[in-house]
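Visitor: I'd like a close look at the nonpolar core and the aromatic rings in this one. Could you walk me through that part slowly, with the cut-offs as you go?

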Amino acid sequence: MSVAERGKTKVNPWGVTVYWGEDEPGSMPLINDKTKVCKDICRWREYVKVPDIRKVPMDWSRAVEDTRRIRGEGRLSIAMMASGLFEQTHALMGFEDVFIAMLEEPEAMHELLDCILDFKLNWCRMLVENCRPDAVLFHDDWGSKKSLFVSRDTWAAFFKERYRKIYGYLRENGVLVIHHADCYCETIAEDMAEIGVDVWQGVTPENNIPKMQKRLRGKMAFMGGLDASVIDVPDHKEDIIRGEVRRACEEYVPGGGFIPCLTYGGDDGSIYPEVDEIVKDEIAKWSRAYFHS
């Protein structure tokens, strides 16, 4: 999903109308009767025009140079792939239509998802063939704050094996898989590790992180843990931010495989910039005290 400029609307190559409000933290699909791309899942081929990225002229020289430079600095080069399979479907037709299609027209829904899967696999192949990043950060939010959007069986039926193909390809080519989902996914944590997720980025504290650490025993790392709804707010307070950082570090670091950060971003990921600086400073302070104790 292409990102619109703040305060503006744009139509991305999939035909999705994207809008970023002046006072909103990011851009989102704008879906109504006029802008909805896929108006009938049974006729999705008539509505959905998939961009043929293989035919789009691209100059990879900057990406190749950046990858080489980043590695030379001893850091990981990471490519981001926003709009995962689920996010792409609801960008095309809206949440309600997606869930109804899963229930009433599963065959057509599987066909549309296979089409999106082919696009994502082509994009991954182009990344690997041209610059081979160390990791890919793949975005797909599968749940709300407290639950998956669908049952575990439904998630598995529509998404698990498709993601196994994507993540299997990346890992076969030496690329780490970082999956962003800043929501509740505890019930599918083992599935995520099984299909190739190396790092679950965005794990929220509503998930029982210590319990998952014990169950997975290092098979997948957890990145996040900070409650952004408490600290990344207009009237944020430094003592509350530092307290939340300390809470997360003290609760989750001992279990291993945990990277503290705001759930929807790493460095420079907060809505209010000064929050990031306090978070990073407190993590550094806590780390020095922890590792020298």
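Guide: Here is a walk through the core, then the rings, then a few strands.

First, some housekeeping: this is a predicted model, where local features need pLDDT of at least 70 and side-chain atom pairs count only at pLDDT 80 or more, while totals for chains, interfaces and linings use all residues. Residues are numbered from 1 along each chain as its sequence is written, and side-chain values use heavy atoms, with hydrogens and water left out.

Now the core. By nonpolar core I mean a set of buried Ala, Val, Leu, Ile, Met, Phe, Trp, Tyr and Cys residues joined through side-chain atoms within 4.5 Å. Buried is under 20% relative accessible area, exposed is over 50%, and partly exposed is in between (1.4 Å probe, protein chains only). The largest core here has 81 residues, and I166 and L170 touch the most other members. Helix 5 (residues 106–130) supplies the largest share, 13 residues. Helices (H or I, at least four residues) and strands (E, at least two) are DSSP runs, numbered from the N terminus.

Zoom in on L170: leaving out residues up to four places away in sequence, L170 touches C124, V128, V136, V175 and V177, where a contact means heavy atoms within 4.5 Å. Another core, of seven residues, lies apart from the largest one and includes I178, V199, A221 and C261. As a general point, nonpolar side chains in soluble globular proteins tend to be buried together.

On to the rings. The structure has 16 aromatic pairs. Rings of Phe, Tyr and Trp (its six-membered ring) pair if their centres lie within 6.5 Å; planes under 30 degrees apart are stacked, over 60 edge-to-face, and the rest tilted. Take F95 and F99: their ring centres are 6.0 Å apart and their planes sit at 55°, so this pair is tilted. These two are four residues apart in helix 4 (residues 95–104), so about one helical turn separates them. F95 is partly exposed at 33% relative accessible area, and F99 is also partly exposed, at 24%.

W200 and F222 make a tilted pair too, 6.0 Å centre to centre with 55° between the planes. Here W200 belongs to strand 7 (residues 199–203) and F222 to strand 8 (residues 221–226), so the pair ties together parts 22 residues apart in sequence. Both W200 and F222 are buried. Back with the phenylalanines, F86, F95, F99, F149 and F159 form one aromatic cluster. One more ring to check is Y169: the charged end of R125 sits over it, 5.8 Å from the ring centre. That label needs NZ of Lys or CZ of Arg within 6 Å of the ring centre and within 35 degrees of the ring normal.

Last stop, the strands. Strand 4 (residues 78–81) has a covered face, A79 and M81, and an uncovered one, I78 and M80. In a regular strand, side chains alternate between the two faces of the sheet. Strand 4 runs parallel to strand 5 (residues 135–139), and four bridges join them; two strands pair if DSSP finds at least two bridges between them. I78 has A135 as its bridge partner in strand 5.
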